[in-house]
Amino acid sequence: MKKNEKAIVVFSGGQDSTTCLFWALEHFTEVVAVTFDYNQRHAIEIDCAKAITADLQIEHHILDMTLLNQLAPNALTRSNIDVKNGEDGALPSTFVPGRNLVFLSFAGILAYQIGARHIITGVCETDFSGYPDCRDQFIKSLNVTLNLSMERPFVIHTPLMWLNKAETWAMADDFGKLDYVRNKTLTCYNGVIADGCGECPACELRIQGLTQYLQVKMS
């Protein structure tokens, strides 16, 4: 049964956040999405988020976070920086320092203004590429901080925290939305919607997870 409460989903238009959007729609009577424009490498990411929320008729807020772009030069904010995995314990070139800290903090501020208690994000410790701000420990810490800072009983939900990509695809399929997520979302670091370029780290992870899930489903 759905909770008769309002929830806000941190929404990029990618596989994970779209799956979380459907998760929120299953659990709450009113769902709002928030997308952050940090002058990311591919503006199509925001277009994708707009298209999905319009299709699902979900209230959608787009917040200007271009200051983050100035503070955090990396492969997601600069076209002249190559997308590559970290070596010798280093973080990938796609790591945006402080991104989830900033996004969830501002999602909390928006939640305060619109009367939403629940905040949903698609962070995951299973396939997290080593990003420190995707860890469960960080989310729990920030949840306490948000509650103390605004004296509101916010709850940050992380439906994908302990799932791998195959299990994330399974969740979308459980909602009857596997094809929707596969065809309408943008995960690719090269800005290609749906199955993507097939070569960047994000696409490799996405395709590998889908293949694993489909093999299990068909067996």
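Reader: What is glutamine 15 in contact with, leaving aside its neighbours within four places in sequence?
Author: This is a predicted model. In it, glutamine 15 contacts Lys165, Thr168, Trp169, Val181, Thr185, Thr187 and Arg206, once neighbours within four places in sequence are set aside.

Reader: Buried or exposed, that glutamine 15?
Author: Buried. Glutamine 15 has 2% relative accessibility, and the cut-off for buried is under 20%.

Reader: Which helix is glutamine 15 found in?
Author: Helix H1, which covers residues 15-27.

Reader: And what does H1 lie across?
Author: H1 lies across S1, S2 (28-37), S4 and S5. It runs at about 155 degrees to S2.

Reader: What about helix H2, which strands does it touch?
Author: H2, residues 44-55, packs on the sheet and touches S2 and S3. Its direction makes about 160 degrees with that of S3.

Reader: Switching to the sheet. What's the strand order?
Author: S3-S2-S1-S4-S5. It's an open sheet of 5 strands with parallel pairing.

Reader: Which strands stand at the edges?
Author: S3 (59-64) and S5 (155-157). Each has a single partner strand, so one side of each has no neighbour in the sheet.

Reader: How many degrees does the twist average?
Author: 25 degrees from one strand to the next.

Reader: How many bridges between S1 and S4?
Author: 3 bridges, in the parallel sense. S1 spans residues 3-10 and S4 spans residues 118-120.

Reader: Which residue in S4 is the bridge partner of alanine 7?
Author: Histidine 118.

Technical notes
Residues numbered from 1 in each chain as written. Predicted model: local features only at pLDDT ≥ 70, side-chain atom pairs only at ≥ 80, totals over all residues. Heavy atoms only, no water. Helix = DSSP H or I, 4+ residues; strand = E, 2+ residues; numbered from the N terminus. Buried < 20%, exposed > 50% of the residue type's maximum accessible area, 1.4 Å probe, protein only. Contact = heavy atoms within 4.5 Å. Pairing = 2+ DSSP bridges. Axes fitted to C-alpha atoms, helices over the stretch in contact; angles between N-to-C directions.
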